[in-house]
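Subject: Structure handover

Hi,

Here is the structure I said I would pass on. Have a look at it first, then read on.

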Amino acid sequence: MDDTPDVAVVGAGIAGLTAARELRRRGLDVVVLERDDHSGGRIRSEHRPGVLLEHGGIFHTHAYTSMRRLLAEHGLAEAARPTATGFHAGVLRDGVFRHADLGSVTGPLLTRLLGVRDKASLLRVAGPMLLARPADLGDLTSMRRFDTRSAAAGLSAATAGYLTAGPHEFLWGVPSTELSAAVFALQLHVFTGELREVSGGIGRLVAAVAGGTDVRHGTVVSAIRPEPDGVRVEVEGGDALRARSVVLACPADAAAGLWPDAPAPVRAHVRAMDHSRIDYVYLRTRRPVELHAEGRPVGMEVITSPEVGGRTIGGIYGANAWVDDGGMLLVTAARAARAEDLGDDELADRLQADVEKLHPEVVGEVTDRVVMRHQPYTPTFRPGSVRRLAEVRRHLPAGRVDLAGDHMSAPWVEGAIRSGEHAAARVGAALRR
Ligand SMILES: Cc1cc2nc3c(=O)[nH]c(=O)nc-3n(C[C@H](O)[C@H](O)[C@H](O)COP(=O)(O)OP(=O)(O)OC[C@H]3O[C@@H](n4cnc5c(N)ncnc54)[C@H](O)[C@@H]3O)c2cc1C
């Protein structure tokens, strides 16, 4: 590698690709160095005969403003469509699926899962969060005033459990007690209204954003070394390139390893951030399996306690829309099941057995199983980490080394995109473009 780009971006996830796109628009010469043989990182839409297997970044809402802008700019606005059952879920309690609308403010107030005192505790905690409008829907720091306590603080045990069942453990891979209340505060504004997906797969957005960018796949960056007149980027195998600026758009632990001499607040942030994991199996079925709770169609079923025989299952998402014929279920493992210690076949056997116990109509109907394991899944913003993040941004050496990725804004696709836009704005300003 003997070229000298203005900016080298490490990581071709949606954060790195967005940063590269914004920097190119400012007239800068950019290369993206990517370890894998494909772009998109955690986002990948895998097409197999008659089926779409989504690996990450699957759903969005109306509040994903940066993502919606990107979709529109690439002619994909029409591809974003609401899912049939939205945020409506069934939460298993005493052997019965109770209905819960996890995407509306009134959902917790109407559900039979919570009593009057539980609902009162939620109103007390969520009221101020709802009144506080976030300045940026893809950036947790806009809700950092709530970052003094956990997402479960002030809630009754049943209410914290309800939230853990729905938008917390199921969505973040960790219980509410481990998350900052800032995550909950932002989530109340972002996860509302319609739950949407990109027809044909979110991978279409990745391909569009990557278009025209010089992405060098199979390039594993091993270290970056800031020097007086630029940054030296070292690549596994002994190669290196020099750039005026570098954007590390990889998960926090990778960034920590590549830049051990980062300023102390930056080092503290990337070392402290960890990412949860998620393990699940796609079960293809001969006929579509429809999910219901209290007589209403729901998009997912959430299993909060180990009531089911195998004690492995965490939730079921109805993925019929992703197969040409028949049906499909996306079945996640509960955190307590420690799926990482199970082999693929054992995990699939246990999850299938749990599904068959809950849905006897599935017995004899499964035609294919695909196990998926994702680590990183989503960054864990613990109490205190959001205020630390706000501090980090002030200590990035202007225009020399910058950071992007969902750990730099908020733990979802909108957060990753916003982080790429933020990094590009800082680097572009420093390089005066
Ligand atoms: C199963 C799953 C489901 C999800 N569902 C949703 C959802 O429904 N809605 C939502 O909003 N979000 C969802 N997410 C989260 C979303 O996918 C992520 O927030 C987002 O994709 C993160 O993008 P990123 O660019 O920050 O990181 P990544 O996508 O992780 O990109 C980082 C890139 O850096 C590369 N890299 C790392 N180290 C190096 C190195 N040394 N050299 C070169 N390259 C390197 C990696 O290979 C990777 O390509 C989901 C995630 C998963 C896993």
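Two points on conventions before the details. This is a predicted model, in which local features need pLDDT of at least 70 and side-chain atom pairs count only at pLDDT 80 or more, while totals for chains, interfaces and linings use all residues. Residues are numbered from 1 along each chain as its sequence is written.

Overall picture: the protein chain has 12 helices and 22 strands (DSSP runs numbered from the N terminus, with helices being H or I of at least four residues and strands E of at least two). Its radius of gyration is 22 Å, close to the 22 Å from the globule rule for 433 residues, so the chain is as compact as a globular protein of that length (the radius is taken over C-alpha atoms, and the rule is 2.2 Å times the number of residues to the power 0.38). Along the principal axes, the C-alpha atoms of the protein chain fill a box of roughly 65 × 50 × 40 Å.

Now the parallel sheet. It is open, with five strands in the order E10-E2-E1-E14-E22 (strands pair if DSSP finds at least two bridges between them). Strands E10 (214-216) and E22 (401-403) are at the edges with a single partner strand each, so one side of each has no neighbour in the sheet. On average, neighbouring strands here are turned by 20° against each other, direction ignored (axes are lines fitted to C-alpha atoms, for helices over the stretch in contact, and angles run from 0 to 180 degrees between N-to-C directions). E1 (residues 7-10) and E14 (residues 245-248) are joined in the parallel sense by four bridges, and Val7 sits opposite Ser245 in E14. Helix H12 (residues 413-430) packs on this sheet, touching E1, E14 and E22, and its direction makes about 160° with that of E22. Helix H1 (residues 14-25) lies across E1, E2 (30-33) and E14, at about 170° to E2 (contact means C-beta atoms, placed from the backbone, within 7 Å).

The other sheet is mixed: seven strands, also open, ordered E8-E7-E18-E19-E20-E15-E21. Its edges are E8 (96-101) and E21 (366-374), each with a single partner strand, so one side of each is left without a neighbour in the sheet. Inside it, E15 (residues 278-285) and E20 (residues 327-333) pair in the antiparallel sense over six bridges, with Leu329 in E20 as the bridge partner of Leu283.

What surrounds the ligand? There are 36 residues around it, and Gly11, Gly13, Gly41, Gly56 and Trp412 come nearest (near means a C-beta atom, placed from the backbone, within 6 Å). H1, E5 (59-60) and H12 each supply at least two residues of this shell, and H1 gives the largest share, three residues. By class, the shell has 20 nonpolar, 11 polar and five charged residues (Ala, Val, Leu, Ile, Met, Phe, Trp, Tyr, Cys and Pro count as nonpolar, Asp, Glu, Lys and Arg as charged, and the others, Gly among them, as polar).

Last, the domains. Domain 1 is 7-43 + 201-274 + 379-430 and domain 2 is 88-190 (bounds come from an automatic or database domain assignment). Their C-alpha centres lie 31 Å apart. The contact takes 17 residues from domain 1 and 19 residues from domain 2.

Cheers

Note on methods:
Contact = placed C-beta atoms within 7 Å.
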